[in-house]
Amino acid sequence: MDILIHTLSGTTTAGFIAGFSRSSTKDKLLLVLLGGFAGAFPDIDAISLWSRFDRTIGKWLHLSHSGSDIYFGKFWYSHHGFFHSLFAAFLFALIFIVVRKSFFKSLSLKDYINTRQTKIVFAVCSFAYVSHLLGDLPTPGAVWGGIRLFFPFHVYIGGYGTTWWWNNYDVFLSLAISTIFFVLLILLNKKFYSTDYLKLSAGLYICCVGFCFYFVTHRSISYAYSGNTVRYTYYERSSKIDQYKRLGKNLYFRMVRLDNKIPLYF
């Protein structure tokens, strides 16, 4: 999946979890932003594709392999390696909680850990991070054969190829609309009883997850391949045809125009 979908999966997940927080509206909105950051973070391992990687980070760390070799390899720090694991999700959340403690110096460590908001923040960091990992499971295995979900074990999970890397406009729209609704719920939360608010949030999140799951498992062809493929152009074209049929002509071309304006793979 592309970085925008990963970010939105994080904001959607955080928007749902924020409903359990008793903090201010501002803090809940900050949780949504945090979820977006956590949802995008696992792809930090794609930095090895940066054109200046070899003469900067590679040189500083005295790496013996090129950025391209690292990205497409199976080193622990390669793409779909350590950073795409449940262990990394836990570690990311833990580090964030530790750093956040510096803003609450008046609280003892025990009191800080036991506060409801700290637990909510930890949940947002970890579950938004995991939403990224789940989003990568249905994409092609390619040279990795999935993601190293259970690091440090050298087993790669996923790579099912039920959907393509890019052009998942239906998933993008589902997550974007859900994020907008969660933000509206947060802004209007005082107009709802807490139980009604949580029911609405849960219903919205379940619907979003259900739609996304249906979309990525109901494509017209299988995109599964291992290693490299000579059918890249065919898969790319097929994924766009899928979106055209699902979204309709007008909405599809609106998404294409948006895609062309954003300087990211989308």
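Guide: Gladly! Let us begin with P152, which lies in the loop between helix 7 (116-136) and helix 8; helices are DSSP runs of H or I with at least four residues, numbered from the N terminus. A cis peptide bond joins F151 and P152, with omega about 15°. This is a predicted model, where local features need pLDDT of at least 70, side-chain atom pairs count only at pLDDT 80 or more, and totals for chains, interfaces and linings use all residues. Residues are numbered from 1 along each chain as its sequence is written, and side-chain values use heavy atoms, leaving out hydrogens and water.

Visitor: Does N167 count as buried or exposed, and why?

Guide: N167 has 2% relative accessibility, so it counts as buried (buried is under 20% relative accessible area, exposed over 50%, partly exposed in between, with a 1.4 Å probe and protein chains only). N167 lies in the loop between helix 7 and helix 8, and its phi is near 65°, a positive value in a residue other than glycine.

Visitor: What makes H62 count as exposed?

Guide: Its relative accessibility is 71%, so H62 is exposed. H62 sits in the loop between helix 3 (57-60) and helix 4 (67-71).

Visitor: Why is helix 8 called oblique to helix 10?

Guide: The axes of helix 8 (residues 169-187) and helix 10 (residues 232-247) cross at roughly 50° and come within 9 Å. Axes are lines fitted to C-alpha atoms, for helices over the stretch in contact, and angles run from 0 to 180 degrees between N-to-C directions. Under 35 degrees is roughly parallel, over 145 roughly antiparallel, 65 to 115 roughly perpendicular and the rest oblique, so helix 8 is oblique to helix 10.

Terms used. Helices (H or I, at least four residues) and strands (E, at least two) are DSSP runs, numbered from the N terminus.
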